Amino acid sequence: MKLSINSFHSDFKAFAEAHPEKIAIILEKDNSTYTYGQILDLVHRTISLLHRSGLQKGENILSLLPNSVEKTILFLSCCYAGYGFAPYMENAPRNEIESFIDLTKPKHVFTTDTVRGETSNLLENQYDFAPTQLRIDQSFSWLKKEEPISVETGCGRLFLLTSGSTGAPKAMSINSDVLWTSGQTFTKLYPSILNQETRFWNYLSMTYLGGLFNLCLIPLAAGGSFVLSDNFSPTLGYQFWKKVNEFQINSLWLVPSIARLLLKLSKRSNQQQNLAFAENVRGAFLGTAPIDLHTKKEFEEVFNLQLLENYGLSETTFLSAELLANDGTLRSPHSESQVGQVLPHIDLKLVTSNETDPEAPKEVWIKSPFLFEGYVGSDGETKLPLDDEGYFATGDLARIDNNSLVLDGRIRDVIKKGGYFIRLREVEALSEKHPQIEEAIAVKHDHEFYGEAYTLFLRADETTEENDLKTAFAEWLDNNLSHHKRPEEIFIVPDFPRTSSGKVRKHIMADFKGYFEKKSQLRNPPAMEVSKIVASIPQALSIKINQAVYNLQRQGGDVTTLSLGEAFFDIPQFDFSELNFEKGYHYSDSAGIPELREKIASFYQKEYKAPVFSDEIVVSAGSKPLTYMAMQAVLNPGDEVLIPEPAWLSYEEQVKLCQGTTRFISFDTPISDYHKHITDRTKLLILNNPNNPSGYLYSAEELGIIYEQCRSRGVYLMVDEAYSDFLLEGGQFNSIATVVPDKDGVIVVNSLSKNMGISGWRIGYAIASKPIRKSLLKLNQHLITCAPSILVQYVNHYFDRIIGCTLPQVRELMIKRQRVERMLSDLDLACLPGHGSFYFFISADAFEGDVYDLALYLLLEHHIALVPGVAYGASTSRYLRLSFGAEPDEKIFEALKTLKQALSLKGEDYSIFHEKLEQLLSE
């Protein structure tokens with residue numbers, strides 16, 4: 001079947017001019033849209049920019065951009081005007097980018113405006129590029145000065161790397177008009193699915209054909225549209241069907257890994273919900289990698305969605321596809337490894353490696369009007385490897401069965417063991433039918449007796465014990481696979497190394513074979529035990545709750561998050577270019593850079609009237625490790641630590657790590673009676689001022705009373721002042737460094753990142769007398785080395801500007817505290833007294849059951865996240881902590897009304913919520 005090659009330039013221009021208002025691209029992140037007319041204008045303006053930069057037709061650009069409309073416009077512009085488009089991953093290592101540049105020889109480079117360091121040095125110094133740095137914000141500010149220009153018809157080229165799943169990747173050159181015509185031809189195979197009403201979701205990487213061809217050019221060739229998002233991730237998987245329906249996506253392009261993930265997630269829903277998910281999807285294509293028949297059928301049954309598998313290579317585009325009859329059913333039913341009918345324009349021959357053996361596997365060789373131009377060599381020459389008759393060897397093994405193409409794997413995936421041919425894909429597909437096996441990979445290797453053999457690597461579900469499964473699976477395989485086809489070894493692995501498109505790198509798995517063989521030869525090796533101390537430490541309950549929140553949000557849940565230990569501020573991004581990146585790449589002062597310590601000391605002197613000096617300060621990676629270091633600095637095994645309740649939940653576990661013991665002081669104990677709890681073994685008392693979770697603010701007099709009780713008995717006093725700036729207007733924060741100016745027997749711990757609203761940056765500091773500071777410094781050197789150098793540079797450089805930005809917002813947050821306090825009062829919800837921080841500790845005494853059960857009920861039934869009070873001490877187990885820093889007033893009030901109603905619940909079975917939580921946390 002002879003086909004003519006069409007011009008992308010002519011076809012796209014004609015369609016866009018005829019349908020200028022028709023939507024072509026929708027951005028998933030903000031729902032903004034681009035019409036065909038707008039895209040054509042942006043293409044013309046981009047070509048003007050490229051032309052003005054001196055780029056000539058036939059020359060190449062390198063794109064180091066993420067999936068974005070900007071990258072799409074650059075790609076289409078190259079196809080339109082005859083330039084070469086060479087995309088590569090924006091976060092790739094320097095050596096990979098360097099190799100790709102050497103192969104594709106670009107004349108111009110496009111990067112994001114955030115590219116720094118190694119990549120920037122490579123582009124600007126080694127290759128003397130002046131990259132065009134784009135802000136990926138859809139503003140197209142880089143084109144504002146460009147006027148659209150007319151260009152002659154051009155035929156662009158696309159330069160891609162092969163996936164590298166079977167060896168080192170190679171660069172290939174693909175004619176963009178050939179690619180475009182292949183896409184048009186494919187759309188004609190499915191007129192009821194691929195037409196002007198088509199809307200795909202482009203979530204595959206636009207560094208490979210999946211994102212550039214399958215989910216960009218094909219929708220445009222159909223005159224349809226596509227939703228553009230970041231590369232697919234488990235996060236998108238949780239929201240998959242929600243996004244499909246939100247954006248009215250009616251056509252899908254799935255890969256096996258995504259199909260498997262959606263099946264796994266379907267077990268969280270009932271069958272009726274699963275059927276409803278895809279009810280508006282009229283077509284689902286499947287390709288890029290093999291998939292077993294069992295998974296295909298299960299997917300179709302669960303979602304009532306027919307899968308149309310196709311087969312092709314980046315070098316060839318489509319070679320076969322499962323086609324539909326006039327009544328919409330498959331022309332040929334699914335069967336194992338069957339990938340549809342050979343397409344009419346493909347001339348295919350099957351070539352055997354052994355003419356005398358009828359069982360020898362046969363390789364697919366093809367002629368196609370859509371063949372790539374060839375592989376690009378280091379000399380810049382493009383060579384297309386064809387045989388004497390003009391056929392291209394695909395490297396895939398196949399046979400024809402009932403007019404359909406059945407794949408037997410790659411050439412290296414068929415072995416001859418003792419005279420028998422074994423198709424490794426057949427073994428993989430069989431293995432994946434075992435109920436506990438998620439994925440199977442068979443890797444061939446040489447064998448001294450048989451010549452060739454293979455090892456089977458298995459990825460099991462997370463609930464399976466390795467040793468038990470290995471034995472059970474071997475027995476199962478004995479009953480389901482001929483003896484001569486069995487593997488030499490079976491190994492259970494946590495996962496497989498993959499390409500960025502999700503394909504398993506089999507050649508890397510082959511390198512691991514020796515390790516697993518040696519490991520299997522160990523006879524009854526002793527169990528590897530973890531520290532008993534660490535094993536005794538529970539997961540931090542607040543973090544456990546918040547992890548459940550994150551997982552719910554990834555699934556698309558709207559959670560009222562009242563559990564976070566941070567407030568969200570509007571903080572500008574100050575200019576990183578003013579920092580010394582050369583220093584930022586390396587270690588810095590273990591005590592903290594002197595300039596930042598001076599600023600912290602000055603801040604304490606000015607704001608708290610505390611005589612703090614830079615040589616009393618140690619800066620580290622957050623205040624949390626500093627509380628632990630402070631304990632290590634003063635405690636010996638068996639020493640006792642006193643902690644008044646409610647107490648921040650990590651104190652007790654850090655004491656355990658120091659081999660100390662904890663005694664809690666009940667929250668209703670008068671401060672003047674703390675001394676009654678001091679024993680001969682007491683070495684440290686820990687205060688949190690203002691208190692997390694109650695917000696209680698200690699007066700100078702109270703601090704003095706506590707200090708005198710401690711000092712008179714030789715007990716250190718550590719005060720965690722992480723919420724020192726979070727006070728009601730008129731409130732007075734009193735630092736223990738003001739009460740005890742010489743720091744005798746006291747240690748202050750505070751958090752820059754908490755008070756500056758940058759908690760993810762993990763910058764904290766401790767203040768202590770010089771002997772204790774010396775111990776802290778030694779611990780910091782051995783545990784942390786230094787706080788992140790570039791981040792402490794940033795905080796030091798912009799210290800006053802950050803404080804100037806955040807402190808007014810802290811004041812607003814404290815005004816919000818008063819509003820929330822009124823809400824609590826209006827709803828008759830009692831709480832412990834407090835005047836600082838962004839927490840309330842709410843009494844749940846009216847609830848008859850376990851307050852932890854109540855918290856789980858609110859989280860999993862109403863999507864309201866609160867932290868149960870048991871996390872902060874036994875005497876506060878009838879309380880719930882509410883953090884108001886991350887949610888608006890309206891959501892907080894609605895949550896409090898729901899809490900008020902829940903307090904009166906009786907006779908509920910809460911065990912189901914414990915099960916749901918564990919399931920949620922395992923995902």
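These legends describe close-up views of a predicted model. Local features need pLDDT of at least 70, side-chain atom pairs count only at pLDDT 80 or more, and totals for chains, interfaces and linings use all residues. Residues are numbered from 1 along each chain as its sequence is written, and side-chain values use heavy atoms, with hydrogens and water left out.

**View A. The three-stranded sheet β24-β25-β26.** Three strands form an open sheet of mixed pairing, in the order β24-β25-β26. Strands are DSSP runs of E, at least two residues; helices are runs of H or I, at least four residues; both are numbered from the N terminus. Two strands pair if DSSP finds at least two bridges between them. β24 (437-447) and β26 (489-492) are the edge strands, each pairing on one side only. β24 and β25 (residues 451-460) pair in the antiparallel sense over 10 bridges. Asp446 has Glu452 in β25 as its bridge partner.

**View B. Two helices on that sheet.** Helix α13 (residues 424-431) lies across β24 and β25, at about 150 degrees to β24. Helix α14 (residues 466-480) lies across β24, β25 and β26, at about 140 degrees to β26. Contact means heavy atoms within 4.5 Å. Axes are lines fitted to C-alpha atoms, for helices over the stretch in contact, and angles run from 0 to 180 degrees between N-to-C directions.

**View C. The seven-stranded sheet.** The strand order is β28-β34-β33-β32-β31-β29-β30, in an open sheet with mixed pairing. Its edge strands are β28 (617-620) and β30 (661-665). The twist averages 20 degrees from one strand to the next. β28 and β34 (residues 764-768) run antiparallel, joined by four bridges. Ile617 stands opposite Ile767 in β34.

**View D. Helix α20 against helix α21.** α20 (residues 623-634) and α21 (residues 650-657) pack at about 45 degrees, with their axes 10 Å apart. That angle makes α20 oblique to α21; angles under 35 degrees count as roughly parallel, over 145 as roughly antiparallel, 65 to 115 as roughly perpendicular and the rest as oblique. Lys624, Thr627, Tyr628, Met631 and Gln632 in α20 meet Ser650, Tyr651, Gln654, Val655 and Leu657 in α21.

**View E. Helix α27 and the residue after its end.** α27 (residues 799-826) has 28 residues and should span 40 Å at 1.5 Å a residue; its end C-alpha atoms are 40 Å apart, which agrees. The expected span is 1.5 Å times one less than the number of residues. Just after α27, Asp828 takes a positive phi of about 55 degrees.
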